[in-house]
Amino acid sequence: MGVLPSPELVERFRAVTDAIVADIGTLVGCESPSADPAAVTRSADVVAEVGTAVLGAAPIRVERDGCAHLVWRLGNAATRVLLLGHHDTVWPLGTLERHPSTTHDGVLRGPGCFDMKAGLVMAFHAVAALPERDGVTILVTGDEEVGSPTSRGLIEDEARGARAVLVLEAAADDGALKTERKGVSLYTVRVHGRAAHAGLAPQDGANATVELAHQVLAITELADPVAGTTVTPTLLAAGTTTNTVPALGEVRVDVRVPSAAEQQRVDAAIRGLPARTPGTTVVVDGGPNRVPLEAGVSTALFDRAARLADALGSPPLRRVAVGGASDGNITAALGVPTLDGLGAAGGGAHADDEHVLVAELAPRTALLSALVADLLADPPTNPHTDPPTDPSAEPGVTGVPSAPTSATARTRGPRP
Ligand SMILES: [Zn+2]
């Protein structure tokens, strides 16, 4: 572990808060709904431009199935610390007309500012302030809001071998970090029956709608409110005409679980539900989509962050468990220590009152910078992925980020 930072680091970022706010405004000004590849590509250009200006290094562009992702691999070492964020948003094109990007009375607004363009800008400035950034990788994906279909492999590749993944998703209420996230499983339960005329020979049919009703009630029973597991039948469809015994029906099911054990319990149970209606069969498709981020992969990182926040003179750092999943669930599933919610403080994710608290940008960016520095200062744990540290280096010196000193390295980093 490195030398503890001091409150002076927060002041350094306060001095560049205007630049951070301006950069967030630039990113928010380029709309990037996940479903619009052209918009996401334009946004990637803007993110690359801002990141390059702050970091003094250009990203690698990775296009997968038309979706634009960006990777900054800084220094020559293998990735030791991965900073993970996304530049797509849930907001359709044209939202800026209703909700322009503004900053008034210390509150920054605009579509995607809180979730999570502010987090990207914080990452750029936090890393730009590091005196040593060998082994730091910043990955910015373009499809997180739709479940990361094209970026999942990229995230896994970058995270594997890292000693920590820091996720720049927005903070929970009151700036709390997210140390647990529920896992998600999605199912389609399909019932096959036998069609027959509902008036002439209903007894010859096997009614998929009736069996589906049994299935829906049985599936609902798999929830465990005490454990925090929800099992929610959502979309439902069956049959063809009003006078035909339905031969086919299906229901979709959304499952949220606090632990891998619960995810496995529900998975086994949903696949094992018997058909109660003679002549019908049940086929279950789907399964776990995101594994839960459990406290075990985040606790040590949170404790480290709490100690650093204390040294920075910030109020005690808080942690919460949340229901929504993020790309942190993907890296946690690899067993890589993962800490989420390190981005902006504010509120209103996916809602009209989405906003970022400007006063919190400096202390949170300082915390992020100090955390990366502290992780880099750790001795190598894996000789195959970590380069040896220079034994002649003064112990701990690399542990404290300083204001950028190289004017050639960047044009918009924090200044002392
Ligand atoms: Zn997000």
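Analyst: Strand 9 (residues 183-192) and strand 13 (residues 248-257) run antiparallel and are joined by 10 bridges. Helices (H or I, at least four residues) and strands (E, at least two) are DSSP runs, numbered from the N terminus, and two strands pair if DSSP finds at least two bridges between them. In general, strands of a sheet pair through backbone hydrogen bonds, either parallel or antiparallel. Along this pair, Val 191 stands opposite Gly 249 in strand 13.

Quick note before going on: this is a predicted model, where local features need pLDDT of at least 70 and side-chain atom pairs count only at pLDDT 80 or more, while totals for chains, interfaces and linings use all residues. Residue numbers start from 1 along each chain, as its sequence is written.

Back to our pair. It belongs to an open sheet of four strands, in the order 11-13-9-14, with antiparallel pairing. Strand 11 (230-238) and strand 14 (281-290) are at the edges with a single partner strand each, so one side of each has no neighbour in the sheet. On average, neighbouring strands here are turned by 15° against each other, direction ignored. (Axes are lines fitted to C-alpha atoms, for helices over the stretch in contact, and angles run from 0 to 180 degrees between N-to-C directions.)

There's another open sheet, with six strands in the order 1-2-6-3-7-16 and mixed pairing. Its edges are strand 1 (60-64) and strand 16 (338-339), each with a single partner strand, so one side of each is left without a neighbour in the sheet. Strand 16 runs parallel to strand 7 (residues 164-167), joined by two bridges, and Leu 166 stands opposite Leu 339 in strand 16. Helix 5 packs on this sheet, touching strand 2 (67-74), strand 3 (81-86) and strand 6 (136-141). Its direction makes about 150° with that of strand 3.

Helix 5 (residues 113-128) also meets helix 11 (residues 361-376): their axes come within 8 Å and cross at roughly 55°. That makes helix 5 oblique to helix 11 (under 35 degrees counts as roughly parallel, over 145 as roughly antiparallel, 65 to 115 as roughly perpendicular and the rest as oblique). Among the residues making the contact are Met 122 and His 125 of helix 5, and Leu 368 and Val 372 of helix 11. (In contact means that the C-beta atoms, placed from the backbone, lie within 7 Å.) By class, this contact has seven nonpolar, three polar and one charged residues. Here Ala, Val, Leu, Ile, Met, Phe, Trp, Tyr, Cys and Pro count as nonpolar, Asp, Glu, Lys and Arg as charged, and the others, Gly among them, as polar.

Helix 2 (residues 17-28) packs on helix 5 too, at an angle of about 130° with the axes 9 Å apart. That makes helix 2 oblique to helix 5, and this crossing is right-handed. Ile 20 and Leu 27 are among the residues of helix 2 in this contact, and helix 5 brings residues including Leu 120 and His 125.

Key. Two residues are in contact if their C-beta atoms, placed from the backbone, lie within 7 Å. A crossing is left-handed if the near helix is turned anticlockwise from the far one by less than a right angle, and right-handed if clockwise.
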